[in-house]
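Okay, thanks for coming, everyone.

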Amino acid sequence: MKAQTLTPASKSVRAARAAGDRRKGKSKSDGWWPWLFVVPTVAGIGVFYLWPIIQTFYYSFTKWGVFGGTKFIGLDNYVRMFADSTIPQSILNTLIYTVVVLLGIPIAVILASLIERPGLRFAALYRTLYFIPYITMPAAVGIVWRLIYNGDFGPINWFLGLFGIQGPYWTSTPGFALLAVATVGLWMSLGFNLIIISAGLREIPRELFEAAEMDGASRVRQFFSITVPLLTPSIFFVTIVTVISGFQLFDLLYVMMGKANLAMPQTQSLVYIFYNQAFLQNDKGYAAAIGILILVIIALLTAFQFRIQKRWVNYV
Amino acid sequence: MSESMLSTKSGVESRRSGVATAGPSRAGGKPSDRDGADRDGAGRGTKGRGAKSHGAKGGKQGANVLAHCVLSIGGLAMISPLLYQIVMSLSTNAEVQSTPPTLWPSVVQWHNFADVFTSMNFGSQLWVTVAITVIRVIGQVLLCSMAGYAFARMQFRFKGLILAVVLSIIMVPSQLFLIPQYQIIQNLGWLNSIAGIVAPGIFSAFGLFLMRQFFMGLPDELEDAARLDGANPFQIFFRVMLPLAANGLWALVIITVLWSWNDLLWPLVVTSTANAAPLSVGLSNLQGEHANNYPILMAASLMAMAPILIMFLLMQKRVMAGIGRSGLK
């Protein structure tokens, strides 16, 4: 504006002074402008996320009447939770599921070290193939897998039949059902693990491998002495993500087994119990307490992993 | 509340942004200070790759053949469920239920795909899914980028405190929001409506954080120049900074599309009629009604995931980079 009428020299002086002013101003405040940017989102997060957390915490101390209305019942929901035998069972189920899905991490490390070999052809194609399951809709692939696991004519049992093995009714037999769901979980998460680990792999300086080769280290030795140790930060990250999302198991379970499945009590996850109590049984107070339990378990597991990371994660 | 305190508190986020910088497209996203180590590694990695091309390639051929064997067999195994799905969607119900499994139908049953529209509410569910995805993407792109920009590059009171609260919400599992969110939607009379499915998901603590990280990595000069030209913060944001954040926005768009299209639990809770439900809910409920019409189920599920698959195949690099940034879905 006014600056345009000034000579170039004075313009730069002006600019320097303005920048100085700004720097000084920056330590204080940009006035009311920031609020214009921030208020819609912060208000939305407050209404739909922050306040609900506080409410859920409160609800966990209440009992919900059939016709609405809540009554404060202190710790009763928590007492009930500790006496409820389906809770430890579902925690165990969730842990088993998570452990199976965690097996995808070593698989991803091996696959990534193959895909990321310098100059390997079709690397992009392989990445695509392995990544596709991750982006598919769980509700849709759940239906497909349910058919694949079908006890009468599913291809898995047909294949087992070739060896004279009578396959079980996978999705309706306790034990097998959880294994079936967890295998699909592993299949879905592999692409994500692969991407993160591949990115970590690309950061490892090639000189290390060259030096090792000159020293006569075999490929297997290189893999265990260079690749794996230097990948530990990526491995740590996918482990955290896998454990957190493992405890969120719901979609696959719901779609592959269905509400009416008789094996559900032995297979259900914590989130499924939460859903069942909150929206099918309409016992929202108890469900809220289960929600708090999920939060506590995830927080403890994550804290535990951060605590022990020093023992095995190498940050260069 | 100081920044350094935040960074120790949100350890997962810091790893997340570390991964973001390591992702396929580094895209000018400057990592925050705590990612110094990763950044360093990335730099040396690139250098190393340059030097490598001169290296001996002698014994690599044999090893590469082995790699191709493992990778192609594994890759085939990964997509075999989808190939199975395609074949079954084109077969008759009798062929689906035959053993040994049908490798290719004797007569290709294209009409299965048309039948999906007549035997379930596929049309309306597709519309709901598209609508919630589009609205959520537009809402998040606008709101998260504005808020992320302010948190990255402006000063205001309680900034650190608000940011700390927002970040801690990212770590909280969704079960802690669901019941009160349901009540809000119920009280607004929005059950079984697109508005009800969309409302909470327009706001995203994660999206805000993602965009903040991205804006923090942009240079000051352009912003300063625009300010000197007398542009107000709104103009600076929309004309100068937002176009610069295209890579970050892509990541946000992709994550939001995936999440919105595939999400099951929340829409399951707020919809009870087949017409109001998105595809994820429709498919999971279909199991009971059409449990035995397998070709229709396969055709419906294939069509439900097709748009995302096509999006992925068209922009693989962007999707993988976007997911690399996302950490958690």
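Quick bit of bookkeeping before the first helix: the expected span of a helix is 1.5 Å times one less than its number of residues. And keep in mind that what you're looking at is a predicted model.

So, helix 4 of chain A, residues 86-102. Those are 17 residues, and from the first C-alpha to the last the helix reaches 24 Å, close to the 24 Å expected. Which of its residues are buried? That would be Ile87(A), Ser90(A), Asn93(A), Thr94(A), Tyr97(A), Thr98(A), Val100(A) and Val101(A). They're on the same side of helix 4 of chain A, because the arc they cover around the axis is only 160 degrees.

Now over to the interface. On the chain A side, 107 residues are in contact with chain B, and on the chain B side the number is 119. The buried area between chain A and chain B comes to about 10,200 Å², with 76% of that from carbon and sulfur atoms. The largest share of chain A's side is from helix 2, residues 33-59, which puts in 20 residues. How many salt bridges are there between chain A and chain B? The count is 0. For polar contacts, the rule finds 14 residue pairs across that interface, both partners at pLDDT 80 or more.

On to chain B itself. We've got 18 helices and 0 strands here. Of the 329 residues in chain B, 57% are buried. If you take the contacts in chain B with a separation of 6 or more, 74% of them are between residues 24 or more positions apart.

Last stop, a loop. Val108(B) is in the one between helix 5 (93-96) and helix 6 (111-119) of chain B. Is Val108(B) buried or partly exposed? Its relative accessibility is 27%, so it counts as partly exposed. In sequence, Val108(B) is 18 residues from Leu90(B), while in space their C-alpha atoms are 5.4 Å apart.

That's my tour, happy to go back to any of those views.

Methods:
Residues are numbered from 1 along each chain as its sequence is written. Chains are lettered from A and ligands numbered from 1 in the order in which they are written. This is a predicted model: local features need pLDDT of at least 70, side-chain atom pairs count only at pLDDT 80 or more; totals for chains, interfaces and linings use all residues. Side-chain values use heavy atoms; hydrogens and water are left out. Helices (H or I, at least four residues) and strands (E, at least two) are DSSP runs, numbered from the N terminus. Buried means under 20% relative accessible area, exposed over 50%, partly exposed in between (1.4 Å probe, protein chains only). The arc is that of the directions from the helix axis to the C-beta atoms. Contact means heavy atoms within 4.5 Å. Buried area is the accessible area (1.4 Å probe) that two parts lose on being put together, summed over both. A salt bridge is a side-chain nitrogen of Lys or Arg within 4 Å of a carboxyl oxygen of Asp or Glu. A polar contact is a pair of N or O atoms within 3.5 Å; within protein, one must be able to donate a hydrogen and the other to accept it, and residues adjacent in sequence count only if both atoms are side-chain atoms.
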